[in-house]
Amino acid sequence: MTAKRYIDIYEAYDRFYEGERIREDQWDYSVVPVNASLMKEKYDISFGKDIIPTDPDLCDRLFLAGVDMLLTTGFYNTDLGRVMHITEEELFEGLKMAPKKLTLGEGKDKRKCKARRGNSRRKPIIQGGPTGAPVSESIFVPMIQSYAQEPVVDTIVSGVLNTVNGHHATTNTPWEIRATMSEIRNVREATLLSQRPGMCI
Amino acid sequence: MSAAGRIASDLTKHGLKPFDAHECSQLNELKIDMSGLNMLAAWGASGDIIMMEQMPIFGGYTGDVEETTICDIATMIASFIIFDCDIHLDGPIHIRWGTTTTRETLKIAAHAAMALDMNTDFLLANQYYSLAGPCTEMCLLETAAQAITDTASGRELLSGVASSKGVIQDKTTGMEARMMGEAALATCGMEVSHVNVVLDKILGMYEKNYNRVPQGKRFQDCYNVKEVTPTDEYIDVYDGALKTLSNCGIDL
């Protein structure tokens with residue numbers, strides 16, 4: 001059956017708003033773990049000793065278990081305390097619409113990110129950076145530059161400026177806004193100093 | 001971060017551009033808050049590239065590796081179907097060690113990636129949290145093991161490295177990203193059965209050190225900050241890691 005429409009963020013909010021109420025601790029300690037165990041049993045999921053699976057049938061069953069997990073469980077909004085659900089039709093139509101490629105960055109520094117399909121000979125995009133780790137203001141630019149100047153690095157993931165002008169960037173305060181903007185300006189400066197101004201950050 | 005902080009990142013000519021990765025986090029497990037929805041609404045309306053992030057916890061609400069993998073797959077599907085992201089940033093993390101490079105978390109990441117790779121066109125990324133700090137062979141081996149795993153299981157983007165679990169100030173450097181990239185390049189096209197043998201050997205080299213982890217050095221202690229070059233000591237450590245990886249069956 002064809003889905004009436006694709007879910008967007010506004011539709012998701014409306015479904016949360018009208019969804020079933022449930023306590024967060026029930027979700028965490030009962031709904032999610034019980035459903036995950038049920039799916040493991042229903043789809044006969046058991047891993048061997050290999051890190052990377054080589055059995056395609058196991059991979060297919062795992063995929064179906066994940067699909068069933070989302071359809072059965074739904075998704076929880078912690079602020080509203082409610083659960084939204086999607087239908088099987090919406091899920092499978094959505095799978096077809098998911099992006100298959102992406103362009104990151106601009107100019108000669110842009111990179112194409114495309115589905116690789118198994119262990120393709122095409123290398124994955126390398127996003128280098130502190131990955132959210134805390135970084136001192138005094139060394140922020142050279143540290144990011146240490147990633148941007150690596151030829152194997154395609155894009156940058158930032159760290160967190162520990163302070164801005166000596167102030168802590170407390171969440172939901174003006175200092176958070178300033179720290180965010182300062183952090184991005186500094187990352188851009190590091191890419192400029194590495195002669196790669198168009199890198200995706 | 002708050003939605004206001006994130007949305008402010010697009011402001012001014014120095015801010016994020018639509019071609020930059022706008023990162024929004026889900027909560028563990030299968031949860032989101034209004035802050036996340038508001039970020040997604042703003043970025044979606046601006047036509048920005050959206051990278052949805054979530055790090056499933058092995059040993060947390062979902063328990064064992066199989067259950068955590070099933071939940072991870074559901075999480076990634078939700079990122080694309082409900083939240084309309086362009087790429088999902090995964091990161092299965094170990095509840096005891098706080099890292100993504102353990103045997104169990106690599107197994108979760110690889111199984112989830114392969115299951116989705118075989119059944120969808122999703123663009124999947126993974127992030128790196130190592131136990132050891134920069135300028136140590138263990139940190140580089142942890143990084144290589146995950147890069148090999150992610151590349152061989154079909155991931156499209158590798159993001160890292162938050163060395164020292166990403167919690168110690170200034171303990172991250174570009175050399176770890178060099179290792180991530182070089183290990184990925186060396187893995188491309190390898191037979192998966194051979195990759196599994198290599199991974200088992202590399203893991204065996206560092207798993208034994210979990211209770212006596214080398215702390216490593218801060219960026220300013222293993223780089224010449226003015227010239228932005230690694231110290232000779234770090235180059236020696238890096239060369240040592242390359243030799244160890246070669247002995248494990250992969251030449252970078």
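In which strand of chain B is Ser25(B) found? Ser25(B) belongs to strand S1 (residues 21-25) of chain B; helices (H or I, at least four residues) and strands (E, at least two) are DSSP runs, numbered from the N terminus. The model is a predicted one, in which local features need pLDDT of at least 70 and side-chain atom pairs count only at pLDDT 80 or more, whereas totals for chains, interfaces and linings use all residues. Residues are numbered from 1 along each chain as its sequence is written, and chains are lettered from A and ligands numbered from 1 in the order in which they are written.

**First stop: Ser25(B)**

Select Ser25(B), which is partly exposed because 19 other C-beta atoms lie within 10 Å. A residue is buried with 20 or more other C-beta atoms within 10 Å of its own, exposed with 12 or fewer, and partly exposed in between, C-beta atoms being placed from the backbone. Met1(B) is 24 residues from Ser25(B) in sequence and 9.6 Å from it in space, C-alpha to C-alpha.

**Second stop: the sheet across both chains**

Select next the strands of an open sheet of seven, in the order S8(A)-S6(A)-S8(B)-S7(B)-S5(B)-S3(B)-S1(B), with parallel pairing. Two strands pair if DSSP finds at least two bridges between them. The edge strands, each pairing on one side only, are strand S8 (155-156) of chain A and S1 of chain B. Strand S6 (residues 125-128) of chain A is joined by four bridges to strand S8 (residues 157-162) of chain B, where Leu157(B) is the bridge partner of Ile125(A).

H3(B) lies across strand S3 (49-53), strand S5 (87-90) and strand S7 (124-129) of chain B, and runs at about 150 degrees to S5(B). Axes here are lines fitted to C-alpha atoms, for helices over the stretch in contact, and angles run from 0 to 180 degrees between N-to-C directions.

Now display the largest nonpolar core, which has 144 residues; Ile70(B), Ile73(B), Ala144(B), Ile148(B) and Met180(B) have the most contacts inside it. Such a core is a set of buried Ala, Val, Leu, Ile, Met, Phe, Trp, Tyr and Cys residues joined through C-beta atoms within 7 Å. Helix H3 (residues 65-81) of chain B supplies the largest share of this core, ten residues. Outside its four-place sequence neighbourhood, Ala144(B) touches Met179(B), Ala183(B), Ile202(B) and Leu245(B).

**Fourth stop: where the chains meet**

Colour by chain: 104 residues of chain B are in contact with 96 residues of chain A. H3(B) gives the largest share of the chain B side, twelve residues.

Thr103(A) stands opposite Lys112(A). Six residues separate the two strands of this hairpin, and Gly105(A) in the turn has a positive phi of about 85 degrees.

Finish at helix H5 (residues 140-148) of chain A, where nine of nine residues are buried, among them Phe140(A), Gln145(A) and Tyr147(A).

Notes
Contact = placed C-beta atoms within 7 Å. Lists of a residue's contacts leave out its neighbours within four places in sequence.
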